[in-house]
Amino acid sequence: MQLTGTMKINAEGHLEIGGMDTLDIAKEFGTPLWVLDEQGFRQNCRKFREAFDRLGESMVLYASKTLSTLSVYRMVEEEGLGLDVVSGGELYTAMKAGFPMERVYFHGNNKSREEIEMALEMGVSRIVVDNFFELQLLNSICLEEKKQQDIMLRITPGVEAHTHEYIQTGQIDSKFGFTLSDGQAMEGVKAAIKSEGLNLIGLHCHIGSQIFEMESFRHATAIMMGFLGEVKEILAHEFDELDLGGGFGIHYYHGDEPCDPSEWAKAVMLTVKEKAEKLGIKIPRVIVEPGRAIAGPAGITLYTIGSFKEVKGIRKYVAVDGGMTDNPRPALYNARYLAILANKADQSPVETVSIAGKCCESGDMLIWDAQLPRVESGDILAVFATGAYTYSMASNYNRLLKPAMVLVNEGSADLIIKREDYEDLIRNDRMVARL
Ligand code: LLP
């Protein structure tokens, strides 16, 4: 069991979060339900900000692809973090939440002209340029609009982080960024310096997600600093900022052992300082972009147990009222989660069951071989660490309705995402008149 933030087991033996009995929340808002622990989320923001602040000039951006909603952006803003957005949609949400644009960084490997124009209009702080095509496009739009935009270049440092290959991004064969090893990165820097509509402030890299080894971050940081040194030597250009991306791993399952955010801060900030001294370059302001580690542990999902199926001598399937539509991660990445029965949280496991979703697809399995107390229809299953990459990756497959999300704090639960209804499903459908 992984009780983090405000989670605990109350006197009735039920799981509690944010001072609320999860059974009461499930009753009031229905299931499946995403529940976000406000204090847990805010504490995670603070942990990263304080860890980096302590070690020098830095800024923590919340990687909003993890969980993007108006209320979440407001909390991020209040906690003093910046925002990493990757699409017009995330940017629009940030604008609607009143997020200060001078703290917004805009990423993405294929930003459209419309998205770029929107970002310029809103006045985002930095655009992180991913490739030569974008460099030209952005420069021409800036010249047309007689603007100069502060930019960073995304560099692919050639670091293979130990994580699922779908969420590795720093390796040479990647769709992202200017490759360092073949000279593209230096060409990119030269082109950016020459572009009159652009002001090259810094460099960025992101090596992947759900990373536990600080060595991978140290290695990437050292490579990036080496490149900063090369650029100074060859082009006499110095950078104000170095953005080292996100990727800090969290505890989902046995064996996941994340270290404290201060270890990440040390790995990164000390490497930057050491290398800067050695290479005789100025110490850049360090930016990091954690997402999963802020939202992930602060969220749980509540489901109601429905049907059962036993394959004699092989396995017991227990189905819940959601599945790959509200959490595609097990199907996509073989992600593993821990769960308990929220209404029997004080009972010890007595059986091994596999938790199936309700989609018409064998791959829709949430958890294989979960150890639980005796499972009965109507029990409430709580799956831990589901705050990240669940709502943001949810779908309406099989025309299932996307669940609601509530924010819990000190005994109250407030809706931050309304549950979809059937009307929502057909809202954008059009019946062709001739049919
Ligand atoms: N910065 C950049 C440029 C990124 O591409 C990402 C994640 C982050 C920051 C945040 O990384 P985090 O701290 O959350 O690891 N859907 C996958 C994860 C994809 C991550 C994509 N980029 C999953 O569910 O595991």
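1. Glu376 is partly exposed, with a relative accessible area of 42% (buried is under 20%, exposed over 50%, and partly exposed in between, with a 1.4 Å probe and protein chains only). The model is a predicted one, in which local features need pLDDT of at least 70 and side-chain atom pairs pLDDT 80 or more, while totals for chains, interfaces and linings use all residues. Residues are numbered from 1 along each chain as its sequence is written, and side-chain values use heavy atoms, with hydrogens and water left out.

2. Glu376 has a salt bridge to Lys344, with 2.5 Å between the closest N and O atoms (a salt bridge is a side-chain nitrogen of Lys or Arg within 4 Å of a carboxyl oxygen of Asp or Glu). The two residues are 32 apart and link distant parts of the chain: Lys344 is in the loop between strand 16 (339-341) and strand 17, and Glu376 is in the loop between strand 18 (365-372) and strand 19 (380-384). Helices (H or I, at least four residues) and strands (E, at least two) are DSSP runs, numbered from the N terminus.

3. Glu351 pairs with Lys316, and their closest N and O atoms are 2.9 Å apart.

4. How far apart are the N and O atoms in the salt bridge of Lys111 and Glu134? The distance is 2.7 Å. Lys111 belongs to the loop between strand 7 (104-106) and helix 5 (113-122), while Glu134 is part of helix 6 (residues 132-144); the pair spans 23 residues and connects distant parts of the chain. Lys111 is buried, because its relative accessibility is 4%. Glu134, with a value of 3%, is likewise buried.

5. The whole structure contains 28 salt bridges. A network of them links Glu38, Arg42, Arg46, Glu78 and Glu79.

6. The second largest pocket holds about 340 Å³ of space. It has 20 lining residues, and those closest to its centre are Thr4, Asn44, Lys47, Ala293 and Pro297. Helix 2 (residues 38-53) supplies the largest share of this lining, 5 residues. By class, the pocket lining has 10 nonpolar, 8 polar and 2 charged residues (Ala, Val, Leu, Ile, Met, Phe, Trp, Tyr, Cys and Pro are nonpolar, Asp, Glu, Lys and Arg charged, and the others, Gly among them, polar).

7. On a 1 Å grid over the protein atoms alone, a 1.4 Å probe fits in a cavity but cannot get out, whereas a pocket is an open set of points with protein on both sides within 12 Å along at least five of seven lines; lining residues have an atom within 4 Å of a point. Points are joined across faces, edges and corners, and a volume is the space filled by probe spheres set on them.

8. By this rule there are 4 cavities of 30 Å³ or more. The largest cavity has a volume of about 40 Å³. Its lining is made by Trp34, Val35, Leu36, Leu67, Gly299, Ile300, Thr386, Gly387, Thr390 and Met405. Strand 4 (33-37) and strand 14 (299-311) are the elements that each give two or more residues to this lining. Strand 4 gives the most, with 3 residues. The lining of the largest cavity comprises 6 nonpolar and 4 polar residues, and no charged ones.

9. Pro32 is placed in the loop between helix 1 (22-29) and strand 4.

10. Two residues with positive phi deserve a look. Gln210 is not a glycine, yet its phi is near 55°. Gln210 is in the loop between strand 11 (198-204) and helix 8 (214-235), and its relative accessible area of 11% makes it buried. Asn334, also not a glycine, has a positive phi of about 55°. Asn334 is in the loop between helix 11 (329-333) and strand 16; at 62% relative accessible area, Asn334 is exposed.

11. Is Leu91 buried or exposed? Leu91 is buried, because its relative accessible area is 0%. Leu91 is part of helix 4 (residues 88-96). From Leu91 to Leu400 the separation is 309 residues in sequence and 27 Å in space, C-alpha to C-alpha.
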